[in-house]
Amino acid sequence: MNIQKLDVFLTLVETKKMTETAQQLKLSAPTVSFHIRSLEKEYGIKLFRTNAGGYRLTPGGEILYHYAKQLSQTNQKLEHALFQFKKGEAGSLQLGASGVPAQLFMPELIHKMAERYPRINVSLDVKTAPEIEQKLVRQELDFGLIMETSSQAKELVYEAFACDELVLAYSKDHPFSKVETTAEVDLSKQRLLVHTLSSSTKHFSKTWLKGRDEEMDLIELDSVSTIIKMLSFGQAVALISKRLIENEDHLAFTELNDNRLKRQIYFVYHQHLWENDAILFFKESVAALKKVITIESAPQIT
């Protein structure tokens, strides 16, 4: 069904005049006549009778008018909905994140989106980094913030966002809080808590532990709040993101100065992501937050 032909038809029904229809639609009278004849040929019926009063619908024309009016209204609603979507006034934004970025950065980004585009429905899917990557590849998500993984999907764009480091965390009541150098940290017979919500954390932790001689009880947990609570008892230590616990007043931590415990956080999206105003705003918000993080992480010159 050609929408332009229907618009010509509907306008002629309302004006009953060929010249007035042409003027309203900014077309020539022969063009209007051509569209009407084309519709009549397409449906094999006569649509109008002409007399001194102008153009009047035939019974077949009445049927077409009934449904053409509905189609026109539906098309207007469609165009309005698409306009709202392109301007960011409607639609959805589907985000994904692995554990640490989800807790550290997504709340602020989602808050900014909600303030700027309150009619956009924002959702957040928290999964392991490889799972988020696969959802992005299938275009089930618009954006992801993930820890680095062992490989990168060729369909995705990866932009470095922030650096993260696993540190050895413990209660300020733990004996480790009194040591001054990493050389004094003896992990023998310690109960070690490892955050596993992100498979990246698990991988980096086990890489660091591999080949070490210490006898340790390893407990894998997927809840940061549970790890922090267990640390507060002073009976365990944890390998956990420095960014996650550096503001916890009752905890202390030791930087282990091991590159195997440092990892990159990436902002990821599909290379064929369709962009509208809301999508561009989210990208700009990520870039602005990255700039703040970079400044805060820069060494202070005294």
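Trainee: What share of the contacts in the chain with a separation of 6 or more comes from residues 24 or more positions apart?

Mentor: Such residues account for 73% of those contacts, a contact being heavy atoms within 4.5 Å. This is a predicted model, in which local features need pLDDT of at least 70 and side-chain atom pairs count only at pLDDT 80 or more, while totals for chains, interfaces and linings use all residues. Residues are numbered from 1 along each chain as its sequence is written, and side-chain values use heavy atoms, with hydrogens and water left out.

Trainee: How many helices and strands does the chain have?

Mentor: There are 11 helices and 11 strands. Both are DSSP runs numbered from the N terminus: H or I of at least four residues for helices, E of at least two for strands.

Trainee: Why are helix 1 and helix 2 called oblique to each other?

Mentor: Helix 1 (residues 3-15) packs against helix 2 (residues 18-25) at about 130 degrees, with the axes 9 Å apart. Axes are lines fitted to C-alpha atoms, for helices over the stretch in contact, and angles run from 0 to 180 degrees between N-to-C directions. Under 35 degrees is roughly parallel, over 145 roughly antiparallel, 65 to 115 roughly perpendicular, and the rest oblique. The two helices are therefore oblique.

Trainee: Which residues make that contact between helix 1 and helix 2?

Mentor: Asp7, Val8, Thr11, Leu12 and Thr15 of helix 1 meet Met18, Glu20, Thr21, Gln24 and Leu25 of helix 2. By class, the contact has 4 nonpolar, 4 polar and 2 charged residues. Ala, Val, Leu, Ile, Met, Phe, Trp, Tyr, Cys and Pro count as nonpolar, Asp, Glu, Lys and Arg as charged, and the others, Gly among them, as polar.

Trainee: Why are helix 6 and helix 11 called oblique?

Mentor: The axes of helix 6 (residues 106-116) and helix 11 (residues 277-297) come within 10 Å and cross at roughly 140 degrees. The pair is therefore oblique. Glu108, Leu109, Lys112, Met113 and Arg116 of helix 6 face Ala278, Phe281, Phe282, Ser285, Val286 and Leu289 of helix 11 in this contact. It comprises 7 nonpolar, 1 polar and 3 charged residues.

Trainee: Why does Lys26 count as exposed?

Mentor: Buried means under 20% relative accessible area, exposed over 50%, partly exposed in between (1.4 Å probe, protein chains only). Lys26 has 74%, so it is exposed. Lys26 lies in the loop between helix 2 and helix 3 (29-43).

Trainee: What makes Gln139 partly exposed?

Mentor: Its relative accessible area is 47%, and Gln139 is therefore partly exposed. Gln139 is in the loop between helix 7 and strand 5 (143-147). Gln139 also has a positive phi of about 60 degrees although it is not a glycine. Most residues other than glycine have a negative phi.

Trainee: Why is Lys127 put in the partly exposed class?

Mentor: The relative accessibility of Lys127 is 30%, so the partly exposed class applies. Lys127 sits in the loop between strand 4 (121-126) and helix 7 (129-137). Leaving aside neighbours within four places in sequence, Lys127 contacts Ala97, Ser98, Gly99 and Ile132.
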